[in-house]
Structures are given as structure tokens and as C-alpha cells.
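Here is a friendly note to read with the model open beside you. Take the points one at a time and find each place as you go.

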Amino acid sequence: MELIVEDLSVARGGMAVLEGVCFRLACGHALVLRGPNGAGKTTLLRTLAGLQPPRGGRISLDREAMVYAAHADGIKAVLTVEENLRFWADLYRVDAVGAALEAFALGPLADRPAGALSAGQKRRLGLARLLVTGRRVWVLDEPTVSLDAEAVGMFARAVRAHLAGGGLAVIATHIELGLEAEVLDVARFRPRRVVTGDEDFL
Amino acid sequence: MKALLVRDLKLAVRAGGGFGLGLAFFLIVVVLVPFAVGPETALLTRIAPGILWIGALLACLLSLDRILALDREDGSLDLIATAPLPLEAAVSVKALAHWLTTGLPLVIAAPVLGVLLNLRGEGYGWLVVSLAIGTPALSVIGTFGAALTVGIKRGGLLLSLLVLPLYVPVLIFGAEVARRGAEGLSVATPLALLGAVTCGTIALLPFASAAVLRVNLR
């Protein structure tokens, strides 16, 4: 499987934020997106995830192979850690809750209500969700926010294991994960001329 | 689908889930009506079906903004939208979960509250039937309204304004079934129309809800 993005143009609120994005990602490889705040990393990832339609260009990616993780983890505070994971595991029909808890050292917290977790622990739970989806392509938006160094290590290990198993990952992050990943600076795809409605009147 | 239903039911019955909110509201409305209109039993008997239906409808309305807004706030909605479940199925399951936690308790509680309004003996059966057929439509229409307003913070007011006109046909036919049933008249026509409204909304609105949700998630 291969992720090919050709001449992709993405928009937010009707304004193009990135144009002419091209990359090609083979099995077992990761792509790290970089760029200043507001450069369009999240918009690009949401477009890859199919949450918004592209303005132009082509994405060759089977949606059934992709899992998306956003800034918000989608954790329900009144459910326990295990129940939260179990829900996603049932939804994706993958029974890997135990392995996912272990990979992010959540075992001792399994019966704790997710609302009682710290920000970093919540993030770990959000990332553990990736492991119960069984999906080959990970599309991750700032996955390391509020993680400490040790948890970043856990995350990097999980990504490496995922890549070793033939998976793909597209990650927007500013932290050095120690992955052998290609880096794509999205700032160079910003449209040169900002299209505004005023142009018609000139 | 089952996973989502089980999760939504669990969330509803746990602390802060809002289960019982609609039921409590229904109880309050129906208990207060005799105090407001006076203890004249003949009058209460006449207005009982209508009051019970209005109470049930408003109780349903009260919990609509929880259907999707909470999932939107914590990010689950984006993740559910990218999950293997089609969005049409997800909104149908959410409507079903809403009905099971709000509509069904109202159907069960209505006969008990009918006593407080001196509802005629013949009316109890038809009241339960009309609510059982009508409240699923309220949940499905409400889910559509929730999908329309999901991007708006504190969109409860807009949601109520959008949904109320769509609730009117259900209220007219539902209350008519209950009223005719209580007065011993034939209920066939309003019952058929009520059933048609419910079947139509269940068949069509999930597609509309999923479509507007896709636009709102962009």
C-alpha cells in the first residue's frame, strides 16, 4: 500500500491555505509535517482523513485503511480507561485492548474513570486508541502535546512498531521523535497570492 | 453499531449523563398543570391528552442538544466520523439511544401521570400507543436539529426554534390519537398519519442528518 498525494489543494473557510502539495509515502515509512502555527497542517491532515473535501488534486488512500487522531482525544470522562478503549476496539472490531493498555503503560489506570486522569495520561489514552483500530495508515495531529519525555518515548516506540509492521504514518509535530522519517515543511506550499473576494472589483 | 449504542446508553445513565432530566421535567409539567388550571376535574379530563403530549414533547426537546454537542466538544465526533461506521448509521444509533433514554421512560411514565390529570379510563391505552409511536419521530427529528446546530456553541435556543415547527405534525396527530381514544372515538385516521410521520422521518432523516453533519464537521 502506498499513500500518494498529487497537487493537493486544501482550504479552510473557503480560503486556500495550501496548494500543490505532493508527496508519496511507501509502506513502513513516516512523514513528519512541520510548519509554523496556522500554516495549514491540521487542515491538510483533516483533508487526508476525509473530514473535509480537497479543493483540488488527488489523494490515493483507502479511507478504510486510515485512522485519524486529532488535538482532542474524544475521551469520555465518566467511562473508565478500559471502557473508553473497549468502545473504539468494538467499533473497529479489533480486540487489542490489553496490548494497547500495555504499550502506553495504562494498565494500572485501567479501572480509573478517564476524567480523573492527568492531561498527559489522557493523551496516552488517546494514542492507545490507535492500537485498537488495526488501521495501516495513521494520520496524527500534534500527538505529543502534554506528553513527558518518557511518554514521548512510548509513543515513538509504538510508531516504530507500527512502521515495522508495514504501516504508514503522517504526523504533524514539532518534537524530534527519533524516527527515520521524511520531513515536509508545509510552509512552502502556501499560496503565493492570497485570493480574496475583492479581486473581482479591481 | 452496538458498541456506539452501548456507549451512549452508559454515558446517559452515569453521573451527569442527563438520564432522568426529561422524565423529571415531564413530571413537573404534569404535576403543576392542575395547580394552574384549578381542581375542576371535568376540565382536566378534557385537556389531559393534550397536556400529556405537550409535556412529553417539551421533555424530549430539553435533552436534544446533548445528542451530538458533547461528542463534538470532546472530539469524539470527528473520530466517529472517520471510523468504519457510516455516519448515517451513527446518527441513527444516536437517535435510538436518545429515544431509549428519554422517549421510552416518558411512554412508561405517561399512564401514571394520566391519573393526576384525571384521564378517562379508555384513554390510557391510546395514550401509551400514541406516545410509543410518536416519540421515536421526536428523537429522529431532534437528532437532525442537533446535527444542524452541532457547530454552534450553546446552540440550544437555535436548536429549539429549528425543531419545534417540525414537531408540530407529530404533536397534532399524537395528541389527536390520545384525545379521540379517551373520548371513545375512532382513532384510525390520526393513528395512521402519526405512524406515517414516524416511518417517514426514520427512513429519510438519518440521511439528511449525516449530510449536514458532514458539512458541519468541515
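This is a predicted model: local features need pLDDT of at least 70, side-chain atom pairs count only at pLDDT 80 or more; totals for chains, interfaces and linings use all residues.

1. Residues are numbered from 1 along each chain as its sequence is written, chains are lettered from A and ligands numbered from 1 in the order in which they are written, and side-chain values use heavy atoms, leaving out hydrogens and water.

2. Look next at the largest pocket, lined by 30 residues; B:A69, B:R72, B:E73, B:V150 and B:K153 lie nearest its centre. (On a 1 Å grid over the protein atoms alone, a pocket is an open set of points where a 1.4 Å probe fits, with protein on both sides within 12 Å along at least five of seven lines; lining residues have an atom within 4 Å of a point.)

3. Which helix gives the largest share of that lining? α4(B) does, with seven residues. (Helices are DSSP runs of H or I with at least four residues, strands are runs of E with at least two, and both are numbered from the N terminus.)

4. Now turn to chain A, where A:D7 has a positive phi of about 50° although it is not a glycine. You will find A:D7 in strand β1, residues 2-12.

5. A:A105, also not a glycine, has a positive phi near 55°. A:A105 sits in the loop between α3 (97-103) and α4 (119-131) of chain A.
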